[in-house]
Amino acid sequence: MSDDLFLGFDLSTQQIKVIAINSKLEPVLQTNVEFDVDTPEYQTRKGVYTNPELNEVYAPVAMWIKAFDILLGKMQDAGLDFAKVKSISGAGQQHGSVFWSADADGLLASLNPDLPLEPQLSPKAFSHEMSPNWQDHSTTAECDDIEQEIGGADVVAQITGSKTHHRFTGPQIMRVRRRHPQRYESTARISLVSSFFASLLLGAIAPLDVSDVCGMNLWDIPNERFDEKIVEFVAGGGEAEKNKLLQKLGPVEPDGGKNLGYISDYYVKRYGFPKHCSITPITGDNPATILALPLRPLDVIVSLGTSTTLLVSTPIYKTSPSYHMFSHPTSKGLYMGMLCYCNGSLAREKVRDEINSIKPSSDGSDVWYSFNEAAQSVPPLGSTAEGTNKLGIYFPLPEIVPDCKAGTWRFISDETGLREARDDWDVPLADARAILESQNLSMRLRAGPLLSSIGQPRRVYVVGGGSRNPAICQVTGEVLGPSEGVYRLELSNACALGSAYKALWAVQRKVIKEGVYESFEDFLSQRWDEKTMINNVDEGYRKGVWEKYGAALAAFDEAEKFAANS
């Protein structure tokens with residue numbers, strides 16, 4: 001029915017968001033709660049706590065629950081008719097883990113609708129009150145130990161889709177076991193942020209999602225099961241410890257459209273949700289993003305948020321320590337290739353602020369004016385008539401890919417080779433174009449194997465806050481060179497939108513035959529109106545320019561390796 005509603009939530013690093021859509025894919029409501037602003041009692045900064053001495057970044061689980069309470073109240077105040085909601089899905093920040101106590105099942109099943117969620121669950125439902133964040137870099141020892149035990153980065157990547165990474169859940173669980181053994185022992189279940197959120201909605205601990213589980217360094221993607229050798233090592237060794245950890249992890253739901261169960265009576269009585277509102281597996285924020293668009297072969301999504309992320313849907317399972325492979329969140333036989341960088345918007349904003357300190361915009365209305373002017377007023381690579389090019393590496397935070405400490409490096413490249421820049425770099429004005437090129441060159445260098453034989457995408461879709469900036473879109477088009485151009489998704493939150501589409505698909509997909517359903521891609525394509533959903537923001541491929549950047553890849557690779565080894 002056209003008045004049925006479908007909700008997509010997004011529990012991200014700095015806020016929790018929701019989009020409600022109808023059966024025609026039309027947004028009915030969008031709202032959010034910012035952790036720093038709306039839950040100030042937790043005193044987070046950008047949604048997290050940091051401990052620089054130990055390279056730790058983490059968030060209080062209780063804050064998320066409190067924010068969800070507030071968000072439901074805002075939805076109610078906005079007049080959303082909860083009784084019309086037929087299905088709910090969502091997205092959670094990837095890799096973060098929630099450690100449930102033995103009391104969790106009973107507390108979730110007996111929620112009092114006269115009280116908010118947070119005081120009923122925190123702290124008794126949790127054996128460990130903090131969730132490691134994707135920006136955490138505290139697990140170097142654990143990552144090294146796992147790779148040494150399993151046979152190296154390439155072997156771990158072939159099994160789990162990724163080499164070991166600091167933020168991945170397996171190394172994080174291993175560190176909790178080593179540093180907080182009593183908390184680990186008292187843990188009954190371990191959820192990802194995505195399945196934690198589903199658990200809140202179900203009133204019972206939910207299974208892990210088939211795509212999000214691939215961000216743990218524990219899941220054997222080709223064989224669709226936990227890798228027992230890795231799990232045993234993370235658990236401390238031995239059959240008994242391995243089995244304990246497998247129990248803590250619980251099952252993985254292979255069907256992204258599965259009805260996990262109906263919403264908890266708590267929400268029926270407190271907010272008026274219908275008793276038969278379906279809860280669909282909640283996935284990770286990056287897998288949810290690829291569901292916001294009906295991607296075709298060679299299409300790429302670049303998410304320009306706090307992190308910079310490149311996503312591609314592919315039928316090919318081809319692994320490398322340089323990028324990530326995940327099972328697709330809805331479509332068996334497809335995979336999601338991903339590149340993820342810590343230094344996204346924060347790195348760009350740092351350069352922007354340095355430029356504004358010497359050259360503020362004339363009226364102060366557009367904080368990006370001087371940055372954009374500097375980026376768009378020089379030729380690609382800052383090339384000179386003498387044939388020199390400028391290349392920069394900008395990591396205000398330690399980077400994931402390449403594995404590199406924080407720092408800034410500037411280089412001059414010419415026919416004689418690569419050298420560090422000295423007085424021949426106009427700091428910070430030359431940094432504007434160089435940082436945009438740097439971020440895109442790194443993606444092009446690594447994403448090529450996931451695309452065509454020449455590494456050129458058909459389309460690039462940009463999402464996130466940076467997609468509103470014309471200079472960022474222009475340089476993305478020039479470096480990546482999509483043959484059909486760069487397009488912006490016009491709705492602001494792709495994660496929540498993809499989740500809402502997933503909730504709709506889960507209850508309206510056609511049954512082809514027993515156990516076989518209409519694919520998500522076919523379902524969405526039939527309802528998708530390109531004219532209203534996306535906007536062409538850059539022409540993409542420019543003859544000669546794309547080739548020029550291709551010729552610079554070897555020098556850029558050398559520059560990255562110099563930075564990583566500094």
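Is A204 buried, partly exposed or exposed? A204 has a relative accessibility of 33% and so counts as partly exposed; buried means under 20% relative accessible area, exposed means over 50%, and partly exposed lies in between, with a 1.4 Å probe and protein chains only.

The structure is a predicted model, in which local features need pLDDT of at least 70, side-chain atom pairs count only at pLDDT 80 or more, and totals for chains, interfaces and linings use all residues. Residues are numbered from 1 along each chain as its sequence is written, and side-chain values use heavy atoms, with hydrogens and water left out.

**Two loop residues**

A204 lies in the loop between helix 9 (193-202) and strand 11 (208-209). Helices (H or I, at least four residues) and strands (E, at least two) are DSSP runs, numbered from the N terminus. Apart from neighbours within four places in sequence, A204 is in contact (heavy atoms within 4.5 Å) with L108 and S199. A204 and I263 are 59 residues apart in sequence, and their C-alpha atoms are 9.9 Å apart in space.

N493 is in the loop that runs between strand 26 (486-489) and helix 18 (494-508). With a relative accessible area of 9%, N493 is buried. Its contacts, leaving aside neighbours within four places in sequence, are D10, K17 and I19.

**Helices**

Helix 14 (residues 345-358) packs with helix 15 (residues 369-376) at an angle of about 100°, and their axes are 8 Å apart. Axes are lines fitted to C-alpha atoms, for helices over the stretch in contact, and angles run from 0 to 180 degrees between N-to-C directions. Helix 14 is therefore roughly perpendicular to helix 15; this term covers 65 to 115 degrees, while angles under 35 count as roughly parallel, over 145 as roughly antiparallel and the rest as oblique. Helix 14 contributes R348, V351, R352, I355 and N356 to the contact, and helix 15 contributes S370, F371 and A374.

Helix 16 (residues 429-447) has 19 residues, which should span 27 Å at 1.5 Å a residue; its end C-alpha atoms are 29 Å apart, which agrees. The expected span is 1.5 Å times one less than the number of residues.

**Strands and sheets**

Two strands pair if DSSP finds at least two bridges between them.

| Strands | Bridges |
|---|---|
| Strand 5 (residues 56-60) and strand 9 | three bridges |
| Strand 7 (residues 97-100) and strand 10 | four bridges |
| Strand 18 (residues 299-304) and strand 19 (residues 308-314) | five bridges |

An open sheet of three strands has the order 4-5-9 and antiparallel pairing. Strand 4 (49-51) and strand 9 (130-132) are at the edges with a single partner strand each, so one side of each has no neighbour in the sheet. Within strand 9, M130 is the bridge partner of P60.

In strand 10 (residues 189-192), R189 and S191 point one way and I190 and L192 the other, and all are buried. L192 of strand 10 is the bridge partner of S97.

Another open sheet has seven strands in the order 20-21-19-18-25-26-29, with mixed pairing. Its edge strands, strand 20 (324-327) and strand 29 (534-538), each pair on one side only. Neighbouring strands in this sheet are turned by 30° against each other on average, direction ignored. Helix 17 (residues 470-480) packs on the sheet and touches strand 18, strand 25 (459-463), strand 26 and strand 29.
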